[in-house]
Amino acid sequence: MIHNDGERRLLIFFCGWGSDASVARSLKFRGYDTLAVWDYRSPDFPAIPDRYEEIVVAAWSFGVAAAACFIAARPELPVTRRVAFNGTLHPVSDSLGIPEAIFSGTLSGLNERSLAKFYRRMAGRREFEAPLQPDIAALQDELRAIAALSVPQSVWDFAFISDDDRIIPPENQHRAWQGTPRRSVEGGHLPDFAALLAPLMIDKELVAKRFGSAAASYDSAASVQRSIAARLLDMAVLDPEATVEIGSGTGILTDMFLSRYSPRSLTLVDFHPRAVPGAVLAACDAEAWIARRESESVSCLLSASTMQWFNSPLGFLAHVRRVLRPGATALLSTFGPMTMRELEGIAPRLPYLDPSELTVGEVSEDIMILSFSSPLEVLRYMRATGVNGIANDAGAALRLARSLPAGPDGRYTLTFHPLYIKITR
């Protein structure tokens, strides 16, 4: 454990071959402890304390294959996000990993000189702290163990692929991750893990606090969210017998739904669900809640403008389909990559999924643009709706006010890119 602060969530980072925990020292994120794993000669994995309610797995290079084996061996662990960096589930492959000839040559010719050359090619222009006094025989044994792994196929949430990777050919990685959300990044085999992971490490307590503080002003300011909720309910006629709403919040969608339907049972799942007569309130992390929900137990599932805050939106969608009864319907919305494009480079943005990356259900999309007279109005809107942490950070808010570009008409805009998903069993 390289960062152990008693948090409720855990990041497990699987290092690449020839590296150790030093590559993960910078991986400290609010709300998460950090555990580094390396040396894959043994099939045994470290014991994970049972206090964690959610686990993010990130893996680099050959660590991706080891991480896949770990996840398959520990199905009881609450893993909600899987992120790969410059690695695949096919560690040695002419088309999907490191070509066999290169792997064999590395293994047979490994010595201190060739290892130093490998580190230079791997690191590129980035600094890399090589392990002291490397054990060549142990590193060869590790390569043999990696090549012998029986790697299970598994679902991953993101794969980062460096465009100048000189260890695992980028074209092989792109082939290997077909069907998985991929992001091309500049640089070589050793990326900036902390910078790439930061937008993915959702501090859900902070999100809950942010929306909780905006509750009093949310309904009056959330015109986009209100329009989205209305469109969702127009997408299908629902069977309300056993209804669940994920991310019910202040109740915009709840009230619209109850004006049309009279459910026999209604469960509202949110960190701070608003009380509704007759409804069961589940005040908790909705992503963890649905993972425990009984299969085929829901006749109608609703969720508006919520799943972008989850560690694994794709995993959430799989659970949604699992809990639906035969013939049941789920109506959900999230946001696409054009959302808040005005903030690119000047404020934090979530890693919004592209519509093409949502492979469950029927997907449609829309564009909404809000117009403001000044950057101050933009900040007020963001603070009133809790849609982004920038408004609660004085320094970041000042940078936005100075940097947000005005349009030709002198006004300032915020773009929203709603994605609508209909899932029917």
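I took two strands as paired if DSSP finds at least two bridges between them; helices (H or I, at least four residues) and strands (E, at least two) are DSSP runs, numbered from the N terminus. I note that this is a predicted model, in which local features need pLDDT of at least 70 and side-chain atom pairs count only at pLDDT 80 or more, while totals for chains, interfaces and linings use all residues. Residues are numbered from 1 along each chain as its sequence is written, and side-chain values use heavy atoms, with hydrogens and water left out.

I looked up the residue opposite Ile369 and found Thr415 in β14. Buried means under 20% relative accessible area, exposed over 50%, and partly exposed in between (1.4 Å probe, protein chains only).

**Entry: overall fold**

I recorded 14 helices and 15 strands for the protein. Its radius of gyration (over C-alpha atoms) is 23 Å, close to the 22 Å that the globule rule gives for 425 residues, so the protein is as compact as a globular protein of that length. The globule rule is 2.2 Å times the number of residues to the power 0.38. Of the 425 residues, 55% are buried.

**Entry: cavity**

I searched the whole structure and found one cavity of 30 Å³ or more. On a 1 Å grid over the protein atoms alone, a cavity is a set of points where a 1.4 Å probe fits but cannot get out, and lining residues have an atom within 4 Å of a point. The largest cavity holds about 110 Å³ of space, the volume being that filled by probe spheres set on the points, which are joined across faces, edges and corners. I listed 14 lining residues, with Gln308, Pro313, Pro351, Tyr352 and Leu353 nearest the centre.

**Entry: positive phi**

Most residues other than glycine have a negative phi. I found that Asp39, in the loop between β2 (32-37) and β3 (54-60), has a positive phi of about 65°. Asp39 is partly exposed, with a relative accessible area of 32%. Met340, in the loop between β11 (324-335) and β12 (362-365), has a positive phi of about 50°. Met340 is buried, at a relative accessible area of 1%.

How values were computed: On a 1 Å grid over the protein atoms alone, a cavity is a set of points where a 1.4 Å probe fits but cannot get out, and a pocket is an open set with protein on both sides within 12 Å along at least five of seven lines; lining residues have an atom within 4 Å of a point.
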